[in-house]
Amino acid sequence: MADSVASKNPIGILISGRGSNMRAILDRIASGSLDARVVLVISNEAKAAGLAAAREFSVPTLVIDHRDSPTREEHDAKMAEALEDRGVRLICLAGYMRLLSPSFVERFAGRILNIHPSLLPAFPGKEAQRQAIEAGVKFSGCTVHYVDEHVDSGPIVLQEAVPVLDEDDAETLAARILEKEHELYCRAIALHFSGRLRVSGRRVLTHNTC
Ligand code: GRF
């Protein structure tokens, strides 16, 4: 097993709910297949199930409830301070259900990843799987992208497609996509830390080292 404590890749994860993507990241770190360490998990919701999962992995958690701050900027500034105190080099949004303020995005420019359950730019925002079913597309999937100040926008790092079957509803499609999300997010994190990614306009280019 890789010594995750010694990893030079400290990550902070923001969640609002279930936290299955967070758990996938923690599982892969624990099994030695992802060279990173999660130094802090922040939830804006005290009831988020993901908080208990993070504690199972002995990861420090913080609840920073957005309702306790008068503005989005103030809420995000509290998160930013906690993340900087822990020395994070990457912030992963994993089911974090709030838009980040421009000042937060600027402070961590190029160091925030998000995962979304559609092939962006198709179906941004809420209920992406339902949007895909209603649009009648034959393929959907998931996207990991760098975060900018807009919703589900920002340069795309990786995508994975899944078929949409005739018998699918939003739930069955979501389950098929989620399985891919867990894999894709970990691959994107590894790529980010590999130093092989270069952002050129809206594109993320991956160069080979050999
Ligand atoms: C995932 O479908 C992710 O793509 C979206 O929110 C959901 C979070 O699920 N951004 P989980 O909390 O990681 O289980």
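Glu45, Asp65 and Arg67 are linked in a network of salt bridges, a salt bridge being a side-chain nitrogen of Lys or Arg within 4 Å of a carboxyl oxygen of Asp or Glu. The structure is a predicted model, in which local features need pLDDT of at least 70 and side-chain atom pairs count only at pLDDT 80 or more, while totals for chains, interfaces and linings use all residues. Residues are numbered from 1 along each chain as its sequence is written, and side-chain values use heavy atoms, with hydrogens and water left out.

## Salt bridges

Side chains of opposite charge can pair when their charged atoms come close. A search of the whole structure finds 9 salt bridges, and the table lists some of them.

| Pair | Closest N and O atoms |
|---|---|
| Glu45 and Arg67 | 2.7 Å |
| Glu84 and Arg107 | 2.9 Å |
| Glu183 and Arg28 | 3.1 Å |

In the pair of Glu45 and Arg67, the N and O atoms come to 2.7 Å. Glu45 lies in the loop between strand E2 (37-43) and helix H2 (50-56), and Arg67 in the loop between strand E3 (61-63) and helix H3 (72-85), so this pair ties together parts that are 22 residues apart in sequence. Helices (H or I, at least four residues) and strands (E, at least two) are DSSP runs, numbered from the N terminus. Glu45 is partly exposed, with a relative accessible area of 25%; here buried means under 20% relative accessible area, exposed over 50%, and partly exposed in between (1.4 Å probe, protein chains only).

Glu84 and Arg107 form another salt bridge, with 2.9 Å between the closest N and O atoms. Because Glu84 lies in helix H3 and Arg107 in helix H4 (residues 102-107), the pair ties together parts that are 23 residues apart in sequence. Glu84 is partly exposed at a relative accessible area of 39%, and Arg107 is likewise partly exposed, at 34%.

Arg130 counts as partly exposed at 35% relative accessibility, whereas Glu171 is exposed, with a relative accessible area of 52%.

## The two domains and their interface

The domain assignment, which comes from an automatic or database source, gives domain 1 (1-108) and domain 2 (115-210). Taken over C-alpha atoms, the centres of domain 1 and domain 2 are separated by 20 Å. The contact, meaning heavy atoms within 4.5 Å, takes 22 residues from domain 1 and 17 residues from domain 2.

The size of an interface is often given as the accessible area lost when the parts come together. Between domain 1 and domain 2 the buried area is about 1600 Å², of which carbon and sulfur atoms give 72%; buried area is the accessible area (1.4 Å probe) that two parts lose on being put together, summed over both. Asn21, Arg28 and Leu90 supply 29% of the area that domain 1 buries against domain 2, more than any other three residues.

Across this interface of domain 1 and domain 2 the rule finds 1 salt bridge. On the side of domain 1 that touches domain 2, strand E1 (10-15), helix H1 (20-30), strand E4 (90-93) and H4 each supply at least two residues. H1 gives the most to that side of domain 1, with 5 residues. The residues of the side of domain 1 that touches domain 2 divide into 15 nonpolar, 3 polar and 4 charged, where Ala, Val, Leu, Ile, Met, Phe, Trp, Tyr, Cys and Pro count as nonpolar, Asp, Glu, Lys and Arg as charged, and the others, Gly among them, as polar.

## Buried and exposed residues

His75 is found in helix H3 and counts as buried, at 0% relative accessibility. Not counting residues up to four places away in sequence, His75 touches Asn44, Ile64, Asp65, His66, Ser69, Tyr96 and Arg98.

Ser58, in the loop between H2 and E3, counts as exposed at 65% relative accessibility. The C-alpha atoms of Ser58 and Gly141 are separated by 31 Å, the two residues being 83 residues apart along the chain.

Lys47 lies in the loop between E2 and H2 and counts as exposed at 82% relative accessibility. Lys47 and Arg18 are 29 residues apart in sequence and 9.5 Å apart in space, C-alpha to C-alpha.
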